[in-house]
Amino acid sequence: MILFKTIEGLQNYLLQQTNDYQSIGFVPTMGALHQGHLSLITLSKKVNAITTCSIFINPTQFNDNKDFEKYPVTIENDILLLEKAGCDVLFLPSADEIYPNGTTLKEKYDLGYLETVLEGKFRPNHFQGVCQVVQRLLEIVKPTQLFLGQKDYQQWMVIRRLIALMEMPIELIIGPTLRENSGLAMSSRNVRLTEKDKIKSVAIYESLQFIKRNYTTSSLELLKHQAISNLLNTGFEKIDYVEICNAATLEPIKEGDRTTKAVILVAAFLNGVRLIDNMVLL
Ligand code: AMP
């Protein structure tokens with residue numbers, strides 16, 4: 001694996017590859033890598049000549065400064081994992097490299113309804129920061145395919161919109177959510193959970209499964225209420241949302257509707273750690 005810290009170095013290398021008609025798969029991350037990230041590398045390697053991963057903890061997408069400061073950093077281990085997974089290129093830029101003119105956005109991204117609900121509602125400006133960094137990274141790497149995880153359901157919908165807004169010729173591929181054996185969705189933030197909290201946090205997956213099992217026979221309000229009670233009883237101190245939404249638009253599913261493809265989305269705090277997860281109802 002070749003590591004580049006500068007845009008110039010990375011682009012000189014990648015330009016050579018694209019001149020040779022090589023396809024480039026790109027997996028952007030914030031590091032503290034786990035099997036979920038590596039599964040995207042594996043997906044990319046199957047169809048692309050060159051797989052590039054980036055590690056950059058983007059300050060502009062954190063609405064909570066404490067969350068930014070506490071974000072785990074495990075660069076040496078990340079490099080080992082990426083080597084093992086067969087990643088070809090790692091881009092590891094500094095904040096100055098990504099934002100040489102500062103972080104102020106010239107113009108807001110028009111994300112419409114998507115930005116007003118769920119993560120958009122509870123994390124003001126989060127998706128503006130996500131778009132800011134992803135646009136920059138896509139303009140630098142110019143990938144053929146971009147690989148994102150279903151774990152961040154609303155994020156991939158936002159990035160799909162960004163690609164459309166910018167009219168970028170990039171194919172978006174969504175990889176499934178990888179979970180621990182317990183059902184807990186893998187996440188960089190899980191390292192901040194104690195062993196006891198890791199056991200408690202499985203309540204999110206159980207709540208998703210509970211709703212899925214009872215989706216066709218119970219009212220939506222009752223299902224959401226029971227899921228929230230289950231999370232609170234397990235020890236989650238704050239539930240941002242448990243919602244059942246149209247999987248294509250994230251608008252709420254109406255009570256009488258059980259035919260539209262739906263997705264359940266959850267965000268909740270356990271001992272100060274904010275966890276998100278989702279499950280598509282087929
Ligand atoms: P992050 O480093 O958290 O910004 O995530 C980088 C990419 O990995 C995003 O596209 C995430 O959706 C994806 N990702 C994170 N966790 C998982 C997981 N458990 N399974 C699959 N993909 C994931």
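This note goes through a predicted model, starting with the ligand site and moving on to ring pairs and single residues.

1. Ligand shell. The ligand is surrounded by 16 residues. Met 30, His 37, Asp 152, Leu 178 and Met 186 are the closest of these. Sorted by class, the shell holds eight nonpolar residues, six polar ones and two charged ones.

2. Elements that build the shell. Three elements each contribute at least two residues to the shell: β2 (24-29), α2 (35-47) and β5 (145-149). Helix α2 gives the most, with three residues.

3. A polar side-chain atom of Asp 152 is 2.7 Å from a ligand oxygen, and a backbone N or O atom of Gly 149 is 2.9 Å from a ligand oxygen. On the nitrogen side, a polar backbone atom of Met 186 lies 2.8 Å from a nitrogen atom of the ligand. The ligand taken alone exposes 490 Å², and the protein buries 93% of that area. Asp 152 and Met 186 are also among the closest residues of the shell.

4. Aromatic pairs, and Phe 4 with Tyr 13. A pair of aromatic rings is described by the distance between the centres and the angle between the planes. The model has six aromatic pairs. One of them joins Phe 4 and Tyr 13, with centres 5.6 Å apart; the planes meet at 35°, so the pair is classed as tilted. Phe 4 is buried, because its relative accessible area of 14% falls under 20%. Tyr 13, at 24% relative accessibility, counts as partly exposed.

5. Phe 122 with Tyr 241. This pair is tilted as well, with 5.8 Å from centre to centre and 40° between the planes. Phe 122 belongs to helix α6 (residues 119-122) and Tyr 241 to strand β7 (residues 238-246), so the pair ties together parts that are 119 residues apart in sequence. Phe 122 is partly exposed at 31% relative accessibility, whereas Tyr 241 is buried at 6%.

6. Other ring contacts. Phe 62, Phe 68 and Tyr 71 are linked into a cluster by ring pairs. Elsewhere, a charged residue meets a ring: Arg 258 lies over the face of Tyr 215, at 4.9 Å from the ring centre.

7. Positive phi values. Which residue in the loop between α1 (7-19) and β2 deserves a look? The residue is Tyr 21, which has phi near 60°, a positive value in a residue other than glycine. Tyr 21 counts as exposed, at 78% relative accessibility. A second case is Asn 125, with phi near 70°, again positive in a residue other than glycine. Asn 125 sits in the loop between α6 and α7 (126-141). Is Asn 125 buried or partly exposed? At 48% relative accessibility, Asn 125 counts as partly exposed, because the value lies between the limits of 20% and 50%.

8. Val 89. Strand β4 (residues 89-91) contains Val 89. Val 89 has a relative accessible area of 0% and is therefore buried.

9. Thr 216. Thr 216 is placed in the loop between α9 (195-214) and α10. With a relative accessible area of 62%, Thr 216 is exposed. The C-alpha atom of Thr 216 is 23 Å from that of Gln 150, a residue 66 positions away along the chain.

10. His 225. Helix α10 (residues 220-234) holds His 225. His 225 has a relative accessible area of 51% and counts as exposed, because the cut-off is over 50%. From His 225 to Leu 281, 56 residues apart along the chain, the C-alpha separation is 18 Å.

Definitions and conventions. Residues numbered from 1 in each chain as written. Predicted model: local features only at pLDDT ≥ 70, side-chain atom pairs only at ≥ 80, totals over all residues. Heavy atoms only, no water. Near = heavy atom within 4 Å. Polar contact = N/O pair within 3.5 Å; in protein donor to acceptor, adjacent residues only side chain to side chain. Areas by Shrake-Rupley, 256 points an atom, 1.4 Å probe, with all protein chains shown as cover. Helix = DSSP H or I, 4+ residues; strand = E, 2+ residues; numbered from the N terminus. Nonpolar A, V, L, I, M, F, W, Y, C, P; charged D, E, K, R; others polar. Phe/Tyr/Trp six-rings, centres within 6.5 Å; stacked < 30°, edge-to-face > 60°. Buried < 20%, exposed > 50% of the residue type's maximum accessible area, 1.4 Å probe, protein only. Lys NZ or Arg CZ within 6 Å of the ring centre and 35° of its normal.
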